[in-house]
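Please look at the structure first.

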Amino acid sequence: MVFMKVITRFAPSPTGFLHIGGARTALFNWLYAKHKGGEFLLRIEDTDKERSTDEAIDAIIDGMKWLGLGWDRELVFQSKNEERHKQVAYKLLNMGKAYYCYSSPEEIAEFREKNPNQKFQSPWRDKDKSEAPAGVKPVIRLKASKVGETVVEDFVRGKVFVQNAELDDMVLLRSDGSPTYMLAVVVDDFDMQVNHVIRGDDHFTNTFRQKQIIEAMGWPVPKYAHIPLINGSDGAKLSKRHGALGVQAYREMGYLPEALKNYLLRLGWSHGDDEIFSEQKAIELFDIDGLGKSPSRFDFDKLDSINAHYIANSDDNELLKLIAPALGISLDDIYAKRILIGMPGLKVRAKTLNELKEGAKIYISKSKSLDERSSKVLNEEGRQVISKLLPLLKDISPWTKEELEKKCSEFAATEGAKPTLIMQLLRAGVIGTFAAPGIYEVAEILGKDEVLTRISEIV
């Protein structure tokens, strides 16, 4: 078989949600296929019937779609290829490259106990089937080569050798006739014409065993790139406290898919000192030659920084659409219109959509509980000052931030107060928080009636 184009795949097991490491693997495969003008395929490896769930399958598919990692061709479910996997196992058997093994689990355990540093050596490798014990259902094992070496050329690790004597005769079909993962993944990759396998380096040792199946069948060997895993910020194995969460969790935390993809791209791949890549630029530049050899460290601060960049540069209307449902508003009501006008000032202060949503609440209602600085400013003396300001605010026309600032500055001079104090009092009385855009800008957007109503409630 001659491969005319690059074909990659992402093959998650639906025993849990699409986690952050899997998302990065999917992204790298997707980018490389797009960079080379090839195809990116998705295969759900659902052969673990006890642990695979429909919920996990749905979460994986939803996560891929949210990230914008669409796949070419029809989605493949590994479990539906079981008969094909068996067919290959029996073909290897008929070719003399596999054999029936009748060793019991007890016999295997006894061998390993007596030979703790050796791979299991089946006594049935060279025995005739006629010697098989009655009533025992055998497994089918690959008759792996015991001489020479198996070589894997990897884009990340380079050329690596393993002595064949160190490899065991792996099981291809279990005693109940079900195919093992090691067989299924090789057969599916061949049938799907996958010629580039980009995956985590926790699969690296599997590659030597899988390559023996590939060579026994006389199939072309894919090109491999085993990427180092992601560690936590402290260099330890990534855990939930570091960020080892499902993609859905990042969505709920308010991260944009574009930002998360950009961040994952930089975890294990680099292009000079560049940090921000548009999708088109990433496709143009990405190549597996640029994959790093060392584990990356997950850094929430860096993710926040990238996400803030994407929010600040996003279309105001699109941001409103994203946060409106969580705010319980429609896109055509007065609150949405206020938020849209104020969006330029809101989005530059938000690291996540959740922060943007919280910030936007000032255009819906005053905070029910004043923040610490607002409470301190809006004491009894402060309320007296703002009560004197209220009549002057009623006379402002037109209601613009420029007129507001002018009137408040004049009032400050009359009262012998600093203009900043008047701004702080107005901020505390109108929105109840200091974590917001400039008060004159906010007051103009809220409108005269709303500002006067809010101040009247505290004096």
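Predicted model: local features only at pLDDT ≥ 70, side-chain atom pairs only at ≥ 80, totals over all residues.

Residues are numbered from 1 along each chain as its sequence is written, and side-chain values use heavy atoms, with hydrogens and water left out.

Start with the domains. The assignment gives domain 1 (1-74 + 228-313), domain 2 (80-182), domain 3 (315-362) and domain 4 (372-457). These bounds come from an automatic or database domain assignment.

Now take domain 3 and domain 4. Their centres, taken over C-alpha atoms, are separated by 23 Å. Domain 3 puts 7 residues into the contact, and domain 4 puts in 11 residues. Contact means heavy atoms within 4.5 Å. The size of an interface is often given as the accessible area lost when the parts come together. Here the two domains bury about 750 Å² between them, with 64% of it on carbon and sulfur atoms. Buried area is the accessible area (1.4 Å probe) that two parts lose on being put together, summed over both.

On a 1 Å grid over the protein atoms alone, a cavity is a set of points where a 1.4 Å probe fits but cannot get out, and a pocket is an open set with protein on both sides within 12 Å along at least five of seven lines; lining residues have an atom within 4 Å of a point. Grid points are joined across faces, edges and corners, and a volume is the space filled by probe spheres set on the points.

The largest pocket has a volume of about 1,200 Å³. It is lined by 42 residues, and Ser13, His19, Gly22, Asp202 and His203 are the closest to its centre. Domain 1 and domain 2 each give at least three residues to this lining. At least two residues come from each of β1 (7-10), α1 (20-35), β9 (196-200), β11 (230-231) and α7 (247-252). The largest share, 6 residues, is from α1. Helices (H or I, at least four residues) and strands (E, at least two) are DSSP runs, numbered from the N terminus. By class, the pocket lining has 16 nonpolar, 16 polar and 10 charged residues.

The whole structure holds 1 cavity of 30 Å³ or more. The largest cavity has a volume of about 110 Å³. Among its 15 lining residues, Val186, Asp189, Phe190, Ile214 and Pro222 lie nearest the centre. Helices α5 (181-191) and α6 (204-217) each supply at least two lining residues. Helix α5 gives the most, with 3 residues.

Finish with single residues. Glutamine 212 lies in helix α6. Is glutamine 212 buried or exposed? It is buried, because its relative accessible area is 9% and buried means under 20%, with exposed over 50% and partly exposed in between (1.4 Å probe, protein chains only). Leaving aside neighbours within four places in sequence, glutamine 212 is in contact with Leu142, Ala144, Ser145, Thr150, Asn164 and Leu167.

Proline 398 sits in the loop between α15 (380-394) and α16 (401-415). Its relative accessibility is 48%, so proline 398 counts as partly exposed.

Notes:
Nonpolar A, V, L, I, M, F, W, Y, C, P; charged D, E, K, R; others polar.
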